[in-house]
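Colleague: Could you walk me through the charged pairs and the nonpolar core of this model? I'd like to hear what lies behind each label.

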Amino acid sequence: MGFLNKLGIGLGAAPSREIARPVHSGNGRSHVPPATIAAIGAPRAPERTESARISNGLKELLWNLDGLGRGTLLDLGPAWQTTLSFFIERGFRVSSDDLLRDWKGFLTEEETRLREDASVRDTVDMTPAGRATRFLASNLEYAKGSFDSILLWDILDYLEPTLAKQLVAQLTDLLRSGGVVFAMFHSRKPEGFQRYRVADSNTLQVVSAPVIFPAQKVYQNREIQDLFSRYRTMRSFVGRDQLRETLFIK
């Protein structure tokens, strides 16, 4: 399970809305001695890029939360300083759990257990439903009704469908009546992998990142409605970049 209020992770400065700029992962090129011929032409690590997108979904989320006062918010992406500061300055108490990282770590631990003790298969439910149940039992350990809002981002697209269904059910229990979930769905399987952070009240920074999981499923509108059937209102905003932002109000 991720840490609460992990401040200081990520980049704090917001880019211009009109210009995408590279963010270098290293501190510059290291000097290669002339004798190190084998190093010449070696592949370089890809640059991480970020760009800005106008977010009507974020604007609508803030409208729904306006006047709430000292609310509580759960961010299921990386604990970017910009996102944390944005909501904290508005009086929110923010908790952060990088769910995809947690899921990756959980699967790695399970694989290690199986390698070290093959008999585990006979005692542990290794079906997708069994894995999902074990994962959620040890993550997102918050009391019911803890949050006024949840930033789900596009996480469901990257999870096994069985886990996605159980996750939505658990998040619904964590949300107070009238609370809002902000989610995103790809209209086709994305070629890359990206993360999101809040730049201002209607702008998101889209940050390319190393792939944690390939996209698992493209959800159709009816499937999304079925996942969030316990919510009384759903509102979607379709962008030109194959992303649909959706708000679910409990």
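Colleague: Why is the pairing of arginine 131 with glutamate 160 called a salt bridge?

Modeller: The term asks for a side-chain nitrogen of Lys or Arg within 4 Å of a carboxyl oxygen of Asp or Glu. In this pair the closest N and O atoms are 2.9 Å apart, so by that cut-off it is a salt bridge. Please keep in mind that this is a predicted model, where local features need pLDDT of at least 70, side-chain atom pairs count only at pLDDT 80 or more, and totals for chains, interfaces and linings use all residues. Residues are numbered from 1 along each chain as its sequence is written, and side-chain values use heavy atoms, with hydrogens and water left out.

Colleague: Which parts does the pair of arginine 131 and glutamate 160 tie together?

Modeller: Arginine 131 sits in helix α5 and glutamate 160 in the loop between β5 and α6, so parts 29 residues apart in sequence are tied together. Helices (H or I, at least four residues) and strands (E, at least two) are DSSP runs, numbered from the N terminus. Both arginine 131 and glutamate 160 are buried.

Colleague: How do you know whether arginine 53 and aspartate 241 are buried, partly exposed or exposed?

Modeller: Buried means under 20% relative accessible area, exposed over 50%, and partly exposed in between (1.4 Å probe, protein chains only). Arginine 53 has 11%, so it is buried, while aspartate 241 has 37%, so it is partly exposed. These two also form a salt bridge, with their closest N and O atoms 2.7 Å apart. Arginine 53 lies in strand β2 (residues 48–54) and aspartate 241 in the loop between β9 (233–238) and β10 (243–249), so the bridge joins parts 188 residues apart in sequence. Glu245 is linked with Arg53 and Asp241 in a network of salt bridges.

Colleague: What makes a set of residues a nonpolar core?

Modeller: They must be buried Ala, Val, Leu, Ile, Met, Phe, Trp, Tyr and Cys residues joined through side-chain atoms within 4.5 Å. The largest such core has 39 residues, and Leu140, Leu152, Leu156, Leu159 and Phe228 touch the most other members. Helix α6 gives the most to this core, with six residues.

Colleague: Which residues does leucine 156 touch?

Modeller: Contact means heavy atoms within 4.5 Å. Leaving aside residues up to four places away in sequence, leucine 156 touches Ala164, Leu167, Val168, Phe185, Tyr219, Leu227 and Phe228.
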